[in-house]
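Okay, everyone, thanks for coming. I'd like to walk you through the inside of this protein, so let me put it on the screen.

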Amino acid sequence: MKKYRKYLIIIIILLIIIFLITKVFSFAKYVANYAFNYYLESKDFYFTSDKLDIDKIENVDKAYDGNPIKITLTNALNKQAITTYDINYKATCSVEEALKDQVGCRFVDNNESVFEGVLSSSKGCVNNTDDLKDVSNYTQSECEMNGYNYTTKVNSKDLYLEIFSLNEEEYSDVTVNVEVETTSPYKKTISGDFILHKKTNTLKTITLTYKEKTVNSNLVVTNNDSNDKCLTLKWDSTKLHIDKDNKEIISSYKDENNYLNGIKFKIKANSNINYTFYKTNFEEKLSETVFSIEEDGC
């Protein structure tokens with residue numbers, strides 16, 4: 001019994017030591033990152049993002065609709081702390097090892113998993129007053145004569161991350177890592193994980209049939225149930241635009257660019273509805289996987 005107790009005490013001590021070592025390394029990494037950021041900011045170098053950071057951010061979306069994810073890169077910390085020179089960077093995305101043969105990722109700008117760009121520095125008229133006047137087109141003299149500030153502006157770049165199936169099969173849960181590294185004038189790496197649970201067509205009584213034609217495409221929504229249903233259909237608005245002249249539509253949804261990317265409609269029992277879409281890229285082949293559908297209340 002004493003021998004057993006001795007081993008138990010040793011195990012507990014080892015676990016405590018491992019826990020403390022882990023915490024020490026985590027704290028040391030935090031301190032190192034903080035010190036590195038402080039050094040870069042002392043050089044007036046600011047490179048930030050809403051979804052990425054020097055300490056990796058976890059971005060969780062439990063209702064991912066399949067549309068591209070917007071990631072904003074900025075050359076400033078705030079309106080006063082702005083980088084006054086160009087920043088070159090390289091963005092890379094990668095899918096978790098377990099799903100890399102089933103799911104792919106790419107940036108919409110070049111349809112590749114690696115994108116290189118520049119956050120340019122520029123000067124312009126900035127309105128820091130409360131009059132809400134648009135002074136963006138003022139020359140330096142106009143700006144200063146009217147009491148505004150002609151200074152370095154905050155510039156940003158929106159990266160759109162697209163997740164897609166490699167074998168046209170539906171996926172549900174996936175983790176995608178995005179890393180952006182500045183290549184000049186200073187090196188800084190920010191990253192984030194996108195932990196996504198995709199909405200899929202789990203309605204057994206609803207089927208989607210997508211057919212492409214020369215000019216447009218048709219999506220047939222079929223209700224095999226004996227009851228009327230209210231449904232919400234969503235799609236990737238960077239790939240498809242809907243012909244919205246349909247009486248069945250109850251309401252619609254728009255993306256940040258004011259394009260329709262979803263509709264809510266009612267479908268009668270044992271019937272179907274045909275929706276017409278137009279592809280933004282005629283050379284790209286699409287399928288039902290670009291859509292998601294779920295039952296909704298009317």
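Before I point at anything, one definition: I call two rings of Phe, Tyr or Trp a pair if their centres lie within 6.5 Å, using the six-membered ring for Trp. And keep in mind that this is a predicted model.

With that in hand, look at Tyr 210, Trp 235, Phe 277 and Phe 291, which ring pairs link into a cluster. Two of those names come back when we look at packing: Tyr 210 and Phe 277 belong to a nonpolar core of 21 residues, which also includes Leu 231 and Ile 293.

The largest nonpolar core has 29 residues, and Leu 161, Ile 163 and Val 180 have the most contacts inside it. Who builds it? Strands β3, β4, β5, β6, β9, β10 and β11 each put in at least two residues, with β4 giving the largest share, 5 residues. Take Leu 161 as an example: beyond its neighbours up to four places away in sequence, Leu 161 touches, among others, Ile 69, Ile 71, Cys 93, Cys 105, Val 176, Val 178 and Phe 194.

Arg 106 is also on the list of residues that Leu 161 touches. The charged end of Arg 106 sits over the ring of Phe 164, 4.0 Å from the ring centre. There's a lysine doing something along those lines too: Lys 234 lies over the face of Tyr 253, at 5.1 Å from the ring centre.

Back to the aromatics. How many aromatic pairs does the structure hold? There are 9. One of them is Tyr 138 with Tyr 148, edge-to-face, at 6.2 Å centre to centre and 65 degrees between the planes. Both tyrosines are in loops: Tyr 138 between β7 and α2, Tyr 148 between α2 and β8, 10 residues apart. Tyr 148 counts as buried because its relative accessible area is 10%, and the cut-off is under 20%.

Now Phe 265 and Tyr 275. Why do I call that pair edge-to-face? Because the planes are at 70 degrees, and over 60 counts as edge-to-face; the centres are 5.3 Å apart. Phe 265 and Tyr 275 are both buried.

Last stop, Thr 72 in strand β3. Buried or exposed? Thr 72 is buried, with a relative accessible area of 15%. Its contacts beyond four places in sequence are Thr 48, Ser 49, Asp 50, Ser 156, Lys 157 and Asp 158.

Terms used
Residues numbered from 1 in each chain as written. Predicted model: local features only at pLDDT ≥ 70, side-chain atom pairs only at ≥ 80, totals over all residues. Heavy atoms only, no water. Phe/Tyr/Trp six-rings, centres within 6.5 Å; stacked < 30°, edge-to-face > 60°. Helix = DSSP H or I, 4+ residues; strand = E, 2+ residues; numbered from the N terminus. Buried < 20%, exposed > 50% of the residue type's maximum accessible area, 1.4 Å probe, protein only. Lys NZ or Arg CZ within 6 Å of the ring centre and 35° of its normal. Contact = heavy atoms within 4.5 Å. Core = buried A, V, L, I, M, F, W, Y, C linked by side-chain atoms within 4.5 Å.
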